[in-house]
Every structure is written in C-alpha cells, then in structure tokens.
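Visitor: I would like to learn how to read a few features of a structure with you. Could we go through them one at a time?

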Amino acid sequence: MSENALAIIVLAAGQGTRMKSRLPKVLHEIGGRPLVGHVLATARALGAQHIEVVVRHERDQVIAALVDQYPDAVVVDQDEIPGTGRAVQVALDALPADFDGDVLVLSGDVPLLQSDTLEALIAGHRAASAAATVLSAHVDDPTGYGRVIRGADGIVERIVEQKDATADEAAVTEINAGVYVFRAAPLRVFLARVDQHNAQGEMYLTDVIGLLRGAAEPVAAELANDVASTFGVNDRAQLAEAGRVLNQRIVRHWQREGVTIIDPATTWIDDDAKLAPDVTILPNTQILRATVIAAGATVGPDTTLVDCEVGADAVVRRSDANLAVIGANATVGPFSFLRPGTVLGAGGKIGAYVETKNTQIGEGSKVPHLSYVGDATIGRNVNLGASTITANYDDVHKHRTEIGDEAHTGSHTVLVAPVKLGAGAKTGAGAVVRKDVPAGALAMSVAPQRNIVGWVEKNRAGTGAADAAARERSAE
C-alpha cells in the first residue's frame, strides 16, 4: 500500500460529563449538524482511503445519527479500557493489516477544523518525515487543554494533560488541539507501550509522543493558522461559542457570495442552507437545515425557515415555515405559520395570522388573513375571505378540501371536509359548506334574522348599553 495513503480516525467514544446531558456530547449540534458530523464532513473532504469512528458511550444513538449521512465511515467499538490511546489502538486493529500510510486522528468534539488546516498539517508531517505531528495553538487561557512541552531546542518533547501538569507546565500557553498525524508503523509499536499510570487511569494517546521522542523518533508540531478552529467543546458555554464562530464563518461566506445580510449578529444560517446572489436577509432571522433561497428573495425580519424552498423575488416576513415551498414572487406574512406540506404557487399570498398545513395553493391564489387551511388543494387565482377554515378532522380521520380555479369564499366560511368547491364558485359570508358546490354556484347557509326589540333594556338594565339604547329610541 502507498506510503501516502491516509486513514482517518475520529474519536467519538467519550461521555462528555461536563455537558450534563442525556445526549452524547458529539451529537450536540451547531450549524444544523452534530459536532461529530462537522468533523466527518471535513474528514471526507480529505480523500482518505479509510474513515473510522470510534464509539462507546451511547454507541447505538451515535451510530443512528451517522448512518444516513456518513455511510462510508466504519464504526469501531472501544472496549472497557479507557482513554484516547486505547480508542486509537482498536481503530488501528480495524485497518487492513498491510496499511502503512499516515493516520490522522481527529476528535469528534472539535468541530471547527477546516480541510485546508488539515491538509497543511499532513503536508508538513510528510515534508518533515516525522513519526508524529501534533496540531497546536497558542491561547490566552489554556485551562483544560493538554500542554505541548518543548525542549530548549524548540523540538516537541511530550504532551502533558491538565491533571498531570506541574505548575510550570500548566503555565505553558501552547496547547494540544487533539489532532495528530502518525506514521502507522511506529504508532502501532508505541501504542503497545502506553500504560494507565496517570491521574485518570487512562491510556493517553499523548503518551505516544513522549515515547517516540525517547526512542529518537522525529516528532513535529504545526501551529494552527486559525486558533478558533482548534476549539474543543466540553460544556454548554463552549458549545455556544463554537456555534457563534461557525455562524460568523457561514454568514461571511454568503455575504461574499452576493447575499445582503443586514445584521449578521442576529442572523443564523445553517451549514446546509443555500442562498443565491441578491437575496436579502433582515434581522432576527434563522435559515435552518437544508433551506434554499432563490435570487432576489427577501426574508425577515423575525423569521424562521426550516427545510424550506423560497422562490425568486418572494418575500417572507415575520413568519415561521417548516418543510414548505414558497413560489416565485409570492408573499408570506406577517405572522404566518406554514407547516409541512405547504406549497404556495408563484405570485400567491399567505397573509397575516394564517396557518397552513399539507396544502397546495395555486398560482396567484391568496389566503390573506385570519385563516386555517389544512389538507387542501387550491387552484389558481382563488381568494379565501377572512377567517376561512377548512375543517379537516372528524376526530378520527383527516379529510381533504378541493377548491377550483377562480373560486372565492366569503368571510368566516367553514368548509367541512371532504368537500369540493367548483371552479368559479363562491360562498356567502358565514357559510358552513358541508356539500360539494358546483362550478359557478353560490353557496349560502342563511337563517332568517330575528330582532327582539327591547331585549337589552329588559335583560341588561342599568348598563351603559341599555342607557344608550334608551336614548337612541327616545330620539326616534
């Protein structure tokens, strides 16, 4: 096998007790992906021959989260022996016996590393013919990180974990980022010599560095060009900080791609979202999951889109939408709620205080305000009057409503599904429609109006209404 072959081992076996969570640490999300998902996406970009993920704590939950998006990753179980050294050892055993290339070790809780940083690390490792190369960084506060200890000649001697560091070692500000490249052959040899004689009783992968140096094997360290990329996540505060840094990167990327983002500090865009040039994003807006927004659209303020498609030149303001499609030149909001299965045609409108669900609304059709439209198919150029409701649920089953082209409902119409309103049909105000309405017909449900004269004065005597009524009747 080529000496330039690359295997990547992602460590995702830890419990992450400082997160204080039922969810494994590596499955906490930033930018719409779990932490380990970001690591695997970067790993995939490096073109490795082998990618392995080492699991232990809540292994089934971790595997279930990865199987769909990262089917090329091989899952390796860590046994009861604790520590990163043991995790790498079992992963090495899972590689082909003749693998003699380089092994890149990544941590599943270091999500901000980018492929160019890792490519530079691998290139430097190979150029130096090193047995091992450590990614390091200088930070103002190194608390919690392993320290990179160098000799008087500047060469890396060892890595000391926080709990095992002396006062002088703890004062060192060069930290181990938890990312390494090893030549496979010496890694196998020296991992076998690592013991558990330390403050945590674990097999430290970092001990391999000192063992290599003791055997006069060349060890190097590459300083990360972006310190933020080395941030690890150990608690909720660090999770939030990593999310903020990632979001800054994503927002800046889309700004450089021609997207206007009025307030980057209050705009959140997930890693899988796609925005076209000339999109405008207004403050307090979240573009989440695999949302796609076409050129010229305006979204926000105060809007959340999850897995949505927004057409060219559409406008969505002060609304929430999930798994919805909004056509070109359509308008949504303010204060609309588009639930999954909503499809709004080109030039259509979903207006103020409207909720839609599993509904297809045709080109040019409008649901202007104060309506609920669920499980419906609506044709072209339809206008639903204020407070139109499709009564789609009979306590047992959901039923569909069909509304033909050019139909119009009067205010406060209730369409009791299953029911069909034909093309060009109309309903009167307050209609309760229980039967199909033929094309071009007017549906009304009108009871004769009855006025009971004097009712207020008799039944509400002494009130302002009674006094006002008496004054008006005496003036007649």
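Visitor: Let's start with the lining of the largest pocket. Which strand gives the most to that lining?

Guide: The general idea is that rolling a probe the size of a water molecule over the atoms shows where empty space is left. Here, in what is a predicted model, strand β10 gives the most to the lining of the largest pocket, with four residues. β10 spans residues 174–183, and β1 (6–12) and α3 (84–94) also supply at least two lining residues each.

Visitor: How much space lies in the largest pocket, and which residues are closest to its centre?

Guide: The space in the largest pocket is about 1,400 Å³. Its lining counts 39 residues, and the closest to the centre are K25, T84, D109, E202 and N234. Sorted by class, the lining has 19 polar, 13 nonpolar and seven charged residues.

Visitor: What does the second largest pocket look like when read that way?

Guide: The second largest pocket holds about 410 Å³ of space. Among the 19 residues lining it, R33, Q114, L246, I250 and D271 are the closest to its centre. Helix α8 (236–256) brings the largest share of this lining, five residues, and α1 (35–44) is another element that supplies at least two. By class, the lining of the second largest pocket has nine nonpolar, five polar and five charged residues.

Visitor: Which domains contribute to the lining of the second largest pocket?

Guide: Domain 1 (6–230) and domain 2 (260–443) do, each with at least three residues.

Visitor: You mentioned α1. Is that helix mostly covered or mostly open?

Guide: For any α-helix, keep in mind that there are 3.6 residues a turn, so residues three or four places apart point the same way. In this case α1 is mostly covered, with eight of its ten residues buried. The buried set is L35, V36, G37, H38, V39, L40, T42 and A43.

Visitor: Now salt bridges, please. How many are there in the whole structure?

Guide: The idea is that side chains of opposite charge can pair when their charged atoms come close. A search of the whole structure finds 20 salt bridges. One of them joins R44 and D72, whose closest N and O atoms are 3.1 Å apart. R44 belongs to helix α1, whereas D72 sits in the loop between α2 (59–66) and β5 (74–77), so this pair links parts of the chain 28 residues apart.

Visitor: How should I class the exposure of R44 and D72?

Guide: Buried means under 20% relative accessible area and exposed means over 50%, with partly exposed in between. R44 is partly exposed because its relative accessibility is 38%, and D72, at 42%, is partly exposed too.

Visitor: Which residue does R150 meet in a salt bridge?

Guide: R150 meets E174, at 2.8 Å from N to O. R150 is in strand β8 (residues 147–150) and E174 in strand β10, 24 residues apart. R150 counts as partly exposed at 33% relative accessibility, whereas E174 counts as buried at 4%.

Visitor: Where do E457 and R473 lie, and how far apart are they in the chain?

Guide: E457 is in helix α9 (residues 455–459) and R473 in helix α10 (residues 464–475), 16 residues apart. The closest N and O atoms of their salt bridge are 2.9 Å apart. Elsewhere, salt bridges that share partners join R33, D271 and D272 into one network.

Visitor: Do strands β27 and β28 pair in the parallel or the antiparallel sense?

Guide: β27 (residues 349–361) and β28 (residues 366–378) are parallel, over ten bridges. In that pairing, V367 of β28 is the bridge partner of I350. β28 is also joined to strand β31 (residues 401–403) by three bridges, again in the parallel sense.

Visitor: Which backbone angles deserve a second look?

Guide: Most residues other than glycine have a negative phi, and most peptide bonds are trans. In this model, a cis peptide bond joins G300 and P301, and another cis bond joins A417 and P418. P301 is in the loop between β18 (298–299) and β19 (303–306), while P418 is in the loop between β33 (414–416) and β34 (419–421). As for phi, S129 has a positive value of about 50 degrees although it is not a glycine. N381 also has a positive phi, near 55 degrees, and lies in the loop between β28 and β29 (383–384).

Methods
Residues numbered from 1 in each chain as written. Predicted model: local features only at pLDDT ≥ 70, side-chain atom pairs only at ≥ 80, totals over all residues. Heavy atoms only, no water. 1 Å grid on protein atoms, 1.4 Å probe; cavity = no way out; pocket = protein on both sides within 12 Å on 5 of 7 lines; lining within 4 Å. Points joined across faces, edges and corners; volume = space filled by probe spheres on them. Nonpolar A, V, L, I, M, F, W, Y, C, P; charged D, E, K, R; others polar. Domains from an automatic or database assignment. Pairing = 2+ DSSP bridges. Buried < 20%, exposed > 50% of the residue type's maximum accessible area, 1.4 Å probe, protein only. Salt bridge = Lys/Arg side-chain N within 4 Å of Asp/Glu carboxyl O.
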